[in-house]
Amino acid sequence: MQLLKRKKSRQEKLTDSDIPALDGIDQDDKATTDSTQNESSDDVLSALGDMPITEHLIELRRHLIKICVAVLIIFLGLVGYSRELYNFLSDPLVAQLPANSTMIATDITSNFMAPIRLTVFVAAFLAMPYILYQIWSFVAPGLYKKEKRIAIPVLLSSIFLFYAGVAFSYFIVLKGVLKFFILFAPQNVLPMTDIDSYLSFALKLFMVFGLTFEIPVVTLLLILAGIVSIQSLEEKRRYIIVGCFAVAAVVTPPDGVSMLMLAIPMWLLFELGLFLAKILIKEEPSTDLISTVKE
């Protein structure tokens, strides 16, 4: 009986001595489970961190689909008037051509593709406010209230300036450039312009002047973003004017008339953007001036 009691006491002691070891095993298991849980939580957090990017891409795709649908609807409404649209575009050239000269089509598909290309451009041109609205609705959730207050006038002014640039290029620049080219043509050469090449020339001119008229908006945004200051732009005015003439010489046809008609508006639009920035922004005095005044 005493032996049995001793065995039982030894077994109890062994079980009691094994308890901390088991606790250690449990703690190790807990540590491993905690580490696995932390890893899984990190995976979840990384997945959540990736989610906004995918959501932004999905949102961007939705806006792009809306833009394409809007342009397609306008295109389908105008495709029946594609020849009339091309006639309207070619009126400045036809008015400058000699009596025996006409426009020609050097490719068999030009008679069909040139008016269709023009119709697509006109559809995108008319849908520009809706396109900019879709871009605004995509960007607006990430802006602050102050930025939204500035962005809405900038958006409206950019639409107006783009339309003004295209209208300026059609009613003023295009006629002057075409008159210059035809006037300096040799007497033994009868000018007959291909309809496809004329369309490419006119669309390039429209896009150049439409984007050029955005200079006041770009200037104002650069100053508001703190990338440049009003004082630095005023100090570099001479270089900017030379840059305007250099850019105009590169992007316009090789004649002085179109270069001057682009360079001078670029300079004036830059001055307009600088003037608006002076009205809207009041620069704070620098720290050096404040220190000198205190001394």
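Leu280 is exposed, at 61% relative accessible area, where exposed means over 50%, buried under 20% and partly exposed in between (1.4 Å probe, protein chains only). This is a predicted model, in which local features need pLDDT of at least 70 and side-chain atom pairs pLDDT 80 or more, while totals for chains, interfaces and linings use all residues. Residues are numbered from 1 along each chain as its sequence is written, and side-chain values use heavy atoms, without hydrogens and water.

Leu280 belongs to helix H10 (residues 256-280). Together with Leu272, Phe275, Leu276 and Ile279, Leu280 forms a nonpolar surface patch of about 480 Å² accessible area. Such a patch joins nonpolar side chains (Val, Leu, Ile, Met, Phe, Trp, Tyr) within 5 Å, taken from residues with over 30% relative accessible area and no salt bridge. Areas come from the Shrake-Rupley method with a 1.4 Å probe.

The protein chain has eleven helices and zero strands; helices are DSSP runs (H or I) of at least four residues and strands (E) of at least two, numbered from the N terminus. Of its 295 residues, 29% are buried. The chain exposes about 19,800 Å², 67% of it supplied by carbon and sulfur atoms. Contacts (heavy atoms within 4.5 Å) between residues at least 6 apart in sequence join residues at least 24 apart in 84% of cases.

Helix H2 (residues 82-96) should span 21 Å, and its end C-alpha atoms lie 22 Å apart, which agrees; the expected span is 1.5 Å times one less than the number of residues. H2 bends by about 50° at Ser90, with Pro92 following within four residues. The bend is the angle between axes fitted to the seven residues ending at a position and the seven starting there. Both Ser90 and Pro92 are among the buried residues of H2, which also include Tyr86 and Leu89.

The model contains four salt bridges, each a side-chain nitrogen of Lys or Arg within 4 Å of a carboxyl oxygen of Asp or Glu. Among them are the following.

| Pair | N to O distance |
|---|---|
| Arg117 – Asp196 | 2.6 Å |
| Glu234 – Lys278 | 2.4 Å |
| Arg237 – Glu271 | 2.7 Å |

Arg237 lies in helix H9 (residues 237-251) and Glu271 in H10, so this pair ties together parts 34 residues apart in sequence. Arg237 is partly exposed at 25% relative accessibility, as is Glu271 at 23%.

Conventions
Patches are made of residues with over 30% relative accessible area and no salt bridge: like charges are joined within 9 Å, nonpolar side chains (Val, Leu, Ile, Met, Phe, Trp, Tyr) within 5 Å.
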